[in-house]
Amino acid sequence: MTEPVVSLAHARKSFGDNEVLKDISLTVSKGDVLAVIGPSGGGKSTLLRCLTLLERLDDGTLEYGSLAVARSEGGSAVYGDKAVIAETKTRFGLVFQNFNLFPHYTALKNVADPLVTVQKMPKAQAEERARQLLGKMGLSGKEDLVPCELSGGQQQRVAIARALAMNPDVLFFDEPTSALDPELTREVLRVIRELAEERMTMVIVTHEMAFARDVADRIIFMDGGHVVEQGAAADIINNPQHERTRAFLTNYQEG
């Protein structure tokens, strides 16, 4: 059996009186593509934010491979020290819905800069890796443009190149196409599809149901802070078992 890349068990997270994650458990193994679907406010983005340390769990355990990031102790999540957190951050890449590029940096510098500042890679080597990844994203010739000179789809592909540059064990995507029109959405989904074919481990929060069915290995349907249903992607989309999943998916049936 493949060793899990990331494991979450009995996760809970509240904001004030609003419990957003209610006893969530999931495991992502090497080469898995997991899609997380569900209505707005169901807890999908909070789940991703907790997995990527942008939010801290109230209770539960979080592990990256054999690295214990948070453990449950007396009804609370206790996190590892600074060294553990720093190591955890090298294990994943995160692609936001709004790109989060540095506006005054070129595409090349956006990708190369973290390699220089975080991994202490020599500048020439970092730029070579950045060029290679931008080429992989179909952006050769765009290296010297700043974000405002690129389309939304091109900006998102720069963001994916930046996330890949650090050689993460897993890539997280938070609604990567929600800010894009249909044509630009297709560009970005094509890149993610190619990464899936290369067996890149990915967790994708998405509202693109056909894409989730065709590209993901597994799908989790979240609603009201719970995992309502999970299983093989085609089974969940084509033959959902739970009434709530069926109701949600009727809104997404393709014409």
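Let me begin at the start of helix α6, where, in this predicted model, a side-chain oxygen of D181 comes to within 3.1 Å of the backbone nitrogen of E183. The helix itself covers residues 182-197, and its 16 residues reach 22 Å from the first C-alpha to the last, which is close to the 22 Å expected at 1.5 Å a residue.

If we now ask which residues of α6 are buried, the list consists of L184, T185, V188, L189, V191, I192, L195 and A196. Seen down the axis of α6, these buried residues fall within an arc of 155°, and so they line one face of the helix. On the other side of α6 we find P182, E183, R186 and E197, which are exposed.

What do the buried residues of α6 pack against? Their partners include three strands that you can pick out in the structure, namely β3 (33-37), β8 (170-174) and β9 (202-205), together with the helices α4 (123-136), α5 (152-165) and α7 (209-215). After α6 comes R199, whose phi is positive, near 65°.

Let me step back to the protein as a whole, which has nine helices and eleven strands. Its radius of gyration is 18 Å, close to the 18 Å that the globule rule gives for 255 residues, so the protein is as compact as a globular protein of that length. Buried residues make up 51% of those 255 residues, and among contacts between residues at least 6 apart in sequence, 63% join residues at least 24 apart. Finally, the protein exposes about 12000 Å², of which carbon and sulfur atoms supply 47%.

Terms used:
Residues are numbered from 1 along each chain as its sequence is written. This is a predicted model: local features need pLDDT of at least 70, side-chain atom pairs count only at pLDDT 80 or more; totals for chains, interfaces and linings use all residues. Side-chain values use heavy atoms; hydrogens and water are left out. Helices (H or I, at least four residues) and strands (E, at least two) are DSSP runs, numbered from the N terminus. The expected span of a helix is 1.5 Å times one less than its number of residues. Buried means under 20% relative accessible area, exposed over 50%, partly exposed in between (1.4 Å probe, protein chains only). The arc is that of the directions from the helix axis to the C-beta atoms. Contact means heavy atoms within 4.5 Å. A polar contact is a pair of N or O atoms within 3.5 Å; within protein, one must be able to donate a hydrogen and the other to accept it, and residues adjacent in sequence count only if both atoms are side-chain atoms. The radius of gyration is taken over C-alpha atoms; the globule rule is 2.2 Å times the number of residues to the power 0.38. Accessible areas come from the Shrake-Rupley method with a 1.4 Å probe; for residues, only the protein chains shown count as cover.
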